[in-house]
Amino acid sequence: MGKTLGYARISSDQGQDIASQKAMLEKLGAVVVFTDIGNGSSLDGRDQLEAALRLLEPGDELLALHPDRLARDTADLLTISKRVIERGAILRINDPNIVFDGTDMMAEVMLTIFGMVGMMEKHFIKARQRRGIEAAKLKGVYKGRPATISPDAVRQLREQGLGATAIAQRLKIGRASVYRALAA
């Protein structure tokens with residue numbers, strides 16, 4: 001048997017702690033634990049997951065505590081599992097106990113079901129968030145996300161003769177943000 005690589009993810013470091021996941025993965029045999037902080041709704045920006053997948057060799061195992069730590073989307077969860085199999089490795093999820101080696105149809109069915117559950121959960125989270133925002137707006141409490149760019153900085157750079165692309169690059173923002181700031 002090869003090595004066991006663990007993977008842990010939390011949505012944000014605001015009030016969430018990845019240490020408990022890491023400790024459990026190590027207790028379950030992970031020799032290295034890769035950790036990402038970010039939304040599980042997409043595979044984009046999950047550099048540590050990518051690193052773990054690249055390091056897998058035949059006979060290795062990728063271990064996660066729960067399916068939603070890998071992905072909250074059926075297609076993404078199945079993509080990850082297929083990439084693990086392509087490397088000649090095994091995907092093991094601790095809770096519920098799923099071992100996917102590419103030969104067991106029931107394991108793939110379980111991954112599909114838990115991917116669907118993750119998608120439903122993501123939908124419910126977004127719906128609760130929208131309801132909370134609407135309630136806060138009615139109370140006059142919600143003002144939206146605070147501005148992250150200064151319209152004055154954008155205007156100053158525009159007055160210096162810079163175009164939207166150059167301003168966006170200098171301020172590390174999108175061009176659409178430049179246009180919005182200039183229109184404000």
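**Salt bridges, strands and cores**

At 45% relative accessibility, E57 counts as partly exposed, a label used for values between those of buried residues (under 20% relative accessible area) and exposed ones (over 50%), with a 1.4 Å probe and protein chains only. This is a predicted model, in which local features need pLDDT of at least 70 and side-chain atom pairs count only at pLDDT 80 or more, while totals for chains, interfaces and linings use all residues. Residues are numbered from 1 along each chain as its sequence is written, and side-chain values use heavy atoms, with hydrogens and water left out.

E57 forms a salt bridge with K3, and the closest N and O atoms of the pair are 3.5 Å apart; the term salt bridge stands for a side-chain nitrogen of Lys or Arg within 4 Å of a carboxyl oxygen of Asp or Glu. This pair links distant parts of the chain, since E57 sits in the loop between helix 2 and strand 3 while K3 belongs to the segment before strand 1, 54 residues apart. Helices (H or I, at least four residues) and strands (E, at least two) are DSSP runs, numbered from the N terminus. K3 counts as partly exposed as well, at 28% relative accessibility.

Strand 3 runs parallel to strand 1, to which 4 bridges join it, and G6 stands opposite L63; two strands are said to pair if DSSP finds at least two bridges between them. Strand 3 also pairs in the parallel sense with strand 4 (residues 90-93), over 4 bridges, and here A64 has I93 as its bridge partner.

A salt bridge also connects R92 with E61, with the closest N and O atoms 3.0 Å apart. R92 lies in strand 4 and E61 in strand 3, so that this pair, 31 residues apart, links distant parts of the chain. Both R92 and E61 are buried.

The structure holds 10 salt bridges, and one of them joins R155 to D152, the closest N and O atoms being 3.0 Å apart. Both residues lie in helix 6 (residues 151-159), 3 residues apart, which is about one turn of the helix. An α-helix has 3.6 residues a turn, so residues three or four places apart point the same way. R155 counts as partly exposed because its relative accessibility is 29%, and D152 is partly exposed with a relative accessible area of 47%. Elsewhere, salt bridges that share partners join D68, R69, R72 and E121 into one network.

The largest nonpolar core has 23 residues, and those with the most contacts inside it are L62, L70, V84, L91 and L111; such a core is a set of buried Ala, Val, Leu, Ile, Met, Phe, Trp, Tyr and Cys residues joined through side-chain atoms within 4.5 Å. Strand 1, helix 2, strand 3, helix 4, strand 4, strand 5 (98-100) and helix 5 (105-138) each supply at least two residues of this core. L91 touches L62, L70, S81, V84, I98, V99, F100 and L111, not counting residues up to four places away in sequence, where contact means heavy atoms within 4.5 Å. A second, separate core of 9 residues includes L157, I167, V178 and A181.

Helix 4 and helix 5 also meet each other: T74, L77, L78, S81 and K82 in helix 4 meet E108, L111, T112, F114, G115, M116 and M119 in helix 5. The axes of these helices come within 7 Å and cross at roughly 145 degrees, with axes taken as lines fitted to C-alpha atoms over the stretch in contact, and angles running from 0 to 180 degrees between N-to-C directions.

Two details of the backbone remain. A cis peptide bond with omega of about 5 degrees joins D95 and P96, and P96 is found in the loop between strand 4 and strand 5. K172 has a positive phi of about 55 degrees although it is not a glycine; K172 lies in the loop between helix 7 (164-171) and helix 8 (175-183) and is exposed, with a relative accessible area of 76%.
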